[in-house]
Amino acid sequence: FPGVPKVLQSTFHLPLALVCVSSAPAKTTKFKITLDTNQAPVQLSSIFPEFSIKSEDKDGNSLAFQFLPGTKVTLLASKTSQRYRVQSDSFEDMWLVVRELLQRFDQHFSKLGVKDFKKSFSGPLPLQEYFLSVDHHFQLRVKAKRYQDLLSEQAVQFRAIQRRLLTRFKDKTPAPLQNLDTLLDATYNQADMSDISLTDMDELPEDFLIDVVELHEASHEHVDVVRGGRAGRAGG
């Protein structure tokens, strides 16, 4: 119908190389997942050609993907069976490599005309590792909420003091600041998130970190303005 808005949706997959680079395979890791197939072993270099160029394994039986945050996922192919192992020290990072591997397997065997290709996972479900990852994510969300509440509380107090100070600076008749400038500095220091550990900064949600940066940039500008006004008043 004319005038009725239309919505177009498109689904596509971004290249794996956007989030990771080739690296040296890790021999020992905390977590392992073994995948079975019903077809002959395939060289990983033919499945991941863009990563095999820089791989140290010339036989094409192992690849390692290092994600931008630094975690690494290693992929190993058996020479004698139809098994493939995905292993890493980070359980939650393995899912992307597993999904990419299965998708590329489907494309590879489809081009070969194989219609009965099957893949399976015969081991026990890693529920304990999964629940640990969920708990860790929940703890980070709780920690981020606590920081957000603290930041919001200090921001309200900071802006209230700022308004009172600016009113005094605009007044033609000079009046004592009554330590409002000192209180402003103290509030700014209390709202400082520099005590967050580097580990927390890497793991906390991105939207929270953006709020912290924006507030501190604005707060820093306001503190400079107030200090400038205080210096001008002292000079006058």
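Biologist: Why is Asp-149 called partly exposed?

Modeller: Asp-149 has 41% relative accessibility. Buried means under 20% relative accessible area, exposed means over 50%, and partly exposed is in between (1.4 Å probe, protein chains only). So 41% puts Asp-149 in the partly exposed class. This is a predicted model: local features need pLDDT of at least 70, side-chain atom pairs count only at pLDDT 80 or more, and totals for chains, interfaces and linings use all residues. Residues are numbered from 1 along each chain as its sequence is written, and side-chain values use heavy atoms, with hydrogens and water left out.

Biologist: What makes Asp-149 and Lys-145 a salt bridge?

Modeller: A salt bridge needs a side-chain nitrogen of Lys or Arg within 4 Å of a carboxyl oxygen of Asp or Glu. The closest N and O atoms of Lys-145 and Asp-149 are 2.9 Å apart, so the pair qualifies. Lys-145 is partly exposed too, at 45%.

Biologist: Where do Lys-145 and Asp-149 lie?

Modeller: Both are in helix H4 (residues 127-170). They are four residues apart, which means about one helical turn. Helices (H or I, at least four residues) and strands (E, at least two) are DSSP runs, numbered from the N terminus.

Biologist: How many salt bridges are there in the whole structure?

Modeller: The search finds five. One of them joins Arg-104 to Glu-50, with closest N and O atoms 2.6 Å apart. Arg-104 lies in helix H3 (residues 94-111) and Glu-50 in helix H2 (residues 49-52), so this pair ties together parts that are 54 residues apart in sequence.

Biologist: Why is Arg-104 called buried?

Modeller: Its relative accessibility is 15%. That is under 20%, so Arg-104 is buried. Glu-50, at 35%, is partly exposed.

Biologist: What makes Glu-50, Glu-100 and Arg-104 a network?

Modeller: Salt bridges link the three residues. Arg-104 bridges to Glu-50. Arg-104 also bridges to Glu-100, at 3.0 Å between the closest N and O atoms. Glu-100 and Arg-104 are both buried. They sit four residues apart in H3, about one turn of the helix.

Biologist: Now the sheet. How do you know that E2 and E5 pair?

Modeller: Two strands pair if DSSP finds at least two bridges between them. Strand E2 (residues 31-37) and strand E5 (residues 83-88) have six bridges, in the antiparallel sense. Six meets the cut-off, so E2 and E5 count as paired. Within this pair, Thr-34 has Arg-85 in E5 as its bridge partner.

Biologist: Which strands pair over five bridges?

Modeller: E3 and E4 do, running antiparallel. Ala-64 stands opposite Thr-74 in E4. The hairpin of E3 and E4 has four residues between the strands, and Gly-70 there takes a positive phi near 120°. E4 and E5 are also joined by five bridges. A hairpin of five residues connects E4 to E5.

Biologist: What makes E1 and E6 edge strands?

Modeller: The six strands form an open antiparallel sheet in the order E1-E3-E4-E5-E2-E6. E1 (20-23) and E6 (119-120) each have a single partner strand, so one side of each has no neighbour in the sheet.
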